[in-house]
Amino acid sequence: FTPDADTVRALGTAGSVVALTGLIGGGVLVAVTTRIAQKARALPAWAVWASYVVAGLCLTGFWSGGVASVAFALWLLGAVVGMLRAARSG
């Protein structure tokens, strides 16, 4: 097997499709989780709006230039820390 420019281009495109599909799933996860937390009044208003911004970024990940991936990672870390703190105090 000898890689050439067309193979590299095809693999890069396939990787982008997989990553963007994952970001769409991440955006749905953020939106649904935020809606549940909002209904339960478990989050302050600023956190709800910030989460919806992250969900929007994830759903438009193709045009965000990588910002959506970083925002999703930070949201995920914040959600884990928040859950751990809630479990400890409860």
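**Reading a predicted helical model**

Mentor: Start with alanine 19, found in helix H1. Helices are DSSP runs of H or I with at least four residues, strands are runs of E with at least two, and both are numbered from the N terminus. This is a predicted model, where local features need pLDDT of at least 70, side-chain atom pairs count only at pLDDT 80 or more, and totals for chains, interfaces and linings use all residues. Residues are numbered from 1 along each chain as its sequence is written, and side-chain values use heavy atoms, with hydrogens and water left out.

Trainee: Is alanine 19 buried, partly exposed or exposed?

Mentor: Buried means under 20% relative accessible area, exposed means over 50%, and partly exposed lies in between, with a 1.4 Å probe and protein chains only. Alanine 19 has a relative accessible area of 46%, so it is partly exposed.

Trainee: How far apart in space are alanine 19 and alanine 73?

Mentor: They are 13 Å apart, C-alpha to C-alpha. In sequence, 54 residues separate alanine 19 and alanine 73.

Trainee: Which residues does alanine 71 touch?

Mentor: Contact means heavy atoms within 4.5 Å. Leaving out residues up to four places away in sequence, alanine 71 touches Val54 and Leu57.

Trainee: Next, rings. How many aromatic pairs are there?

Mentor: A pair of aromatic rings is described by the distance of the centres and the angle of the planes. Rings of Phe, Tyr and Trp (its six-membered ring) pair if their centres lie within 6.5 Å; planes under 30 degrees apart count as stacked, over 60 as edge-to-face and the rest as tilted. By this rule, the count is two aromatic pairs. One is tryptophan 49 with tyrosine 52, edge-to-face, at 6.3 Å centre to centre and 70 degrees between the planes. Both residues lie in helix H2, three residues apart, about one turn of the helix. Tryptophan 49 is exposed, at 60% relative accessible area. Tyrosine 52 is partly exposed, at 28%.

Trainee: What are the centre distance and plane angle for phenylalanine 72 and tryptophan 75?

Mentor: Their ring centres are 6.4 Å apart and their planes at 20 degrees, so this pair is stacked. Phenylalanine 72 and tryptophan 75 are three residues apart in helix H3, about one helical turn. Both are buried, and both belong to the largest nonpolar core.

Trainee: On to the surface. Which residues form the nonpolar patch?

Mentor: Patches are made of residues with over 30% relative accessible area and no salt bridge: like charges are joined within 9 Å, nonpolar side chains (Val, Leu, Ile, Met, Phe, Trp, Tyr) within 5 Å. Accessible areas come from the Shrake-Rupley method with a 1.4 Å probe, and for residues only the protein chains shown count as cover. The patch here holds Ile24, Val28, Val32, Ile36 and Leu59, with about 450 Å² of accessible area together. Helix H1 (residues 5-39) gives the most to the patch, with four residues. Valine 28 lies in helix H1 and is partly exposed, at 44%.

Trainee: How many salt bridges does a search of the whole structure find?

Mentor: A salt bridge is a side-chain nitrogen of Lys or Arg within 4 Å of a carboxyl oxygen of Asp or Glu. The search finds one. Arginine 9 and aspartate 6 meet in a salt bridge at 2.8 Å, N to O. The two residues are three apart in helix H1, about one helical turn. Arginine 9 counts as exposed at 51%, while aspartate 6 is partly exposed at 49%.

Trainee: Last, the loops. Where is arginine 41?

Mentor: Arginine 41 is in the loop between H1 and H2. Arginine 41 has a positive phi of about 55 degrees, although it is not a glycine. Its relative accessible area is 75%, so arginine 41 is exposed. Glycine 65 is in the loop between H2 and H3, and is exposed at 73%. The C-alpha atoms of glycine 65 and alanine 42 are separated by 31 Å, at 23 residues apart along the chain.

Terms used. A nonpolar core is a set of buried Ala, Val, Leu, Ile, Met, Phe, Trp, Tyr and Cys residues joined through side-chain atoms within 4.5 Å.
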